Amino acid sequence: VITLMRFNSDGSLDTTFDSDGQWTHSVSTQGDTGISVIQQASGKYVIAGATYNVVTNRRDLLLLRISDSGVIDTTFGTSGYVKKSWGSWNANLSKMIQDADGNLIVLAGYYNTNN
């Protein structure tokens, strides 16, 4: 399960975000991880991580986008997320940034057969 929490400046949960300050979402039945997050100029959040692929029995890269109020953005990818597989390799993400124009999301990571 991927979780994103938003806090007020005093450290309390921002209850205007997903009604309790805590957004959660599952793409697969196991092994979802959120590793990096950016906020776009529109206020939407993009979360990058990985998800378990039951077909290949490996991990795929994962991007999710949610609104600034904590609702999945179904206009992004397929139902709010994008998955990228490397065939028989496990994919893992290390970092995500957005370009200066706010148009591209750039990912860095690695893939291997040992994780």
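Guide: A residue is called buried when its relative accessible area is under 20%, exposed when that area is over 50%, and partly exposed in between. The model shown above is a predicted one.

Visitor: How many of the nine residues of strand β4 are buried?
Guide: Strand β4 covers residues 45-53. This strand is largely enclosed by the rest of the structure, because its count of buried residues is nine of nine.

Visitor: What share of the residues of the protein chain count as buried?
Guide: That share is taken over the whole protein chain, which has 115 residues. Of these residues, the part that counts as buried is 35%.

Visitor: What is the radius of gyration of the protein chain?
Guide: The C-alpha trace spans about 45 × 35 × 25 Å along its principal axes. For 115 residues, a compact globule would have a radius of gyration near 13 Å.

Visitor: Which residue in the turn between β3 and β4 has a positive phi?
Guide: Strand β3, residues 33-39, runs antiparallel to β4, and six bridges join the two. One of the pairings sets isoleucine 38 against its bridge partner in β4, valine 46. The two strands form a hairpin with five residues between them, and the turn residue with a positive phi, of about 95°, is glycine 43.

Visitor: How many bridges join β4 to strand β5?
Guide: Strand β5 comprises residues 58-66 and runs antiparallel to β4. Within β5, leucine 64 stands opposite isoleucine 47. The number of bridges that join β4 to β5 is nine.

Visitor: What is the phi of asparagine 57?
Guide: Asparagine 57 is placed in the loop between β4 and β5, and these two strands form a hairpin with four residues between them. Most residues other than glycine have a negative phi. Asparagine 57 is not a glycine, although its phi is positive, at about 60°.

Visitor: Is aspartate 18 buried, partly exposed or exposed?
Guide: Aspartate 18 is placed in the loop between β1 (2-5) and β2 (22-25). Its phi is positive, near 55°, in a residue other than glycine. Its relative accessible area is 29%, so aspartate 18 is partly exposed.

Visitor: With which residues is isoleucine 97 in contact, leaving aside its neighbours within four places in sequence?
Guide: Isoleucine 97 belongs to strand β7, residues 90-98. At 44% relative accessibility, this residue counts as partly exposed. The C-alpha atom of isoleucine 97 is separated by 6.7 Å from that of leucine 107, ten residues apart along the chain. Leaving aside the neighbours within four places, the contacts of isoleucine 97 are Ile38, Leu104, Ile105 and Val106.

Visitor: How far apart do the centres of the positive and negative side chains lie?
Guide: The protein chain exposes about 6500 Å², and carbon and sulfur atoms supply 50% of it. There are 8 positive and 10 negative side chains. The distance between the centres of the two sets is 11 Å.

Key:
Residues are numbered from 1 along each chain as its sequence is written. This is a predicted model: local features need pLDDT of at least 70, side-chain atom pairs count only at pLDDT 80 or more; totals for chains, interfaces and linings use all residues. Side-chain values use heavy atoms; hydrogens and water are left out. The radius of gyration is taken over C-alpha atoms; the globule rule is 2.2 Å times the number of residues to the power 0.38. Buried means under 20% relative accessible area, exposed over 50%, partly exposed in between (1.4 Å probe, protein chains only). Accessible areas come from the Shrake-Rupley method with a 1.4 Å probe; for residues, only the protein chains shown count as cover. Lys and Arg count as positive and Asp and Glu as negative; His and the chain ends are not counted. The place of a charge is taken as NZ of Lys, CZ of Arg, CG of Asp or CD of Glu. Two strands pair if DSSP finds at least two bridges between them. Contact means heavy atoms within 4.5 Å.
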